[in-house]
Amino acid sequence: MNFRTENRNHSYGVAFGAGSWVGIDQFGLVVPNYDLKDPLDRQFFHSGQAIVDKACRLARDVMPGPYGSKGSARRRKFCDRVASIATDMEANL
């Protein structure tokens with residue numbers, strides 16, 4: 001699915017697929033961000049969001065929060081770690 005860190009609206013999060021994105025707040029929690037009309041797009045988004053959510057939980061164990069402001073380097077590093085874990089998790093499914 002190709003998980004990667006992206007900065008959208010001056011806030012770091014994890015992007016996946018062809019444009020789906022979820023934000024990550026200062027506590028390491030997933031903040032969904034979608035406006036999808038097609039049911040297949042929604043299903044894809046929710047499956048990717050579930051993987052990112054599990055990866056966030058694993059990453060919080062290794063790198064406890066808080067993770068700083070929206071554009072901070074600490075939050076970017078956390079998002080990088082989440083994207084890496086999510087990619088590994090998806091590869092091992």
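The model is predicted: local features need pLDDT of at least 70, side-chain atom pairs count only at pLDDT 80 or more, and totals for chains, interfaces and linings use all residues. Residues are numbered from 1 along each chain as its sequence is written, and side-chain values use heavy atoms, with hydrogens and water left out. Helices (H or I, at least four residues) and strands (E, at least two) are DSSP runs numbered from the N terminus. Buried means under 20% relative accessible area, exposed over 50%, and partly exposed in between, with a 1.4 Å probe and protein chains only.

**Nonpolar core**

- The largest nonpolar core has 21 residues; such a core is a set of buried Ala, Val, Leu, Ile, Met, Phe, Trp, Tyr and Cys residues joined through side-chain atoms within 4.5 Å.
- At least two residues of this core come from each of strand S2 (11–16), strand S3 (20–24), helix H1 (39–62) and helix H2 (73–91).
- The residues with the most contacts inside the core are Phe3, Val14, Ile24, Val52, Cys56, Phe78 and Val82.
- Beyond four places in sequence, Ile24 touches Tyr12, Gly13, Val14, Leu29, Cys56, Arg75, Phe78, Cys79 and Val82, where contact means heavy atoms within 4.5 Å.
- In soluble globular proteins, nonpolar side chains tend to be buried together.

**Aromatic pairs**

- The structure holds four aromatic pairs; rings of Phe, Tyr and Trp (its six-membered ring) pair if their centres lie within 6.5 Å, and planes under 30 degrees apart count as stacked, over 60 as edge-to-face and the rest as tilted.
- The ring centres of Phe3 and Phe16 are 5.6 Å apart with the planes at 40°, so this pair is tilted.
- Phe3 lies in the segment before strand S1 (4–8) and Phe16 in strand S2, so the pair ties together parts that are 13 residues apart in sequence.
- Phe3 and Phe16 are both buried.
- One aromatic cluster is formed by Phe3, Phe16, Phe44 and Phe45.

**Salt bridges**

- A salt bridge is a side-chain nitrogen of Lys or Arg within 4 Å of a carboxyl oxygen of Asp or Glu, and the count by this rule is four.
- Glu6 forms a salt bridge with Arg4, the closest N and O atoms being 3.3 Å apart, and another with Arg8 at 2.9 Å.
- Arg4 is partly exposed at 24% relative accessible area, as are Glu6 at 22% and Arg8 at 25%.
- Arg57 and Asp53 meet in a salt bridge at 3.2 Å, N to O; both lie in helix H1, four residues apart, about one turn of the helix.
- Arg57 is partly exposed at 43%, and Asp53 is partly exposed at 28%.

**Asp25 and Arg75**

- Asp25 lies in the loop between S3 and strand S4 (30–32), whereas Arg75 is found in helix H2.
- Asp25 is buried yet has no salt bridge, and its nearest side chain of opposite charge is Arg75, 6.4 Å away; here Lys and Arg count as positive and Asp and Glu as negative, with His and the chain ends not counted.
- Arg75 is likewise buried without a salt bridge.
- The side chain of Asp25 reaches the backbone nitrogen of Phe27 at 3.0 Å, and a polar atom of that side chain lies 2.8 Å from the backbone nitrogen of Leu29.
- Such a polar contact is a pair of N or O atoms within 3.5 Å; within protein, one must be able to donate a hydrogen and the other to accept it, and residues adjacent in sequence count only if both atoms are side-chain atoms.
- A polar atom of the Arg75 side chain lies 3.0 Å from the backbone oxygen of Ile24.
- Beyond four places in sequence, Asp25 touches Val31, Tyr67 and Arg75.

**Tyr67**

- Tyr67 is found in the loop between H1 and H2 and counts as buried at 0% relative accessibility.
- A polar atom of its side chain lies 2.5 Å from the backbone oxygen of Met63.
- Leaving aside residues up to four places away in sequence, Tyr67 touches residues including Asp25, Phe27, Arg60, Arg75 and Phe78.
- Tyr67 and Ile24 are 43 residues apart in sequence and 9.2 Å apart in space, C-alpha to C-alpha.
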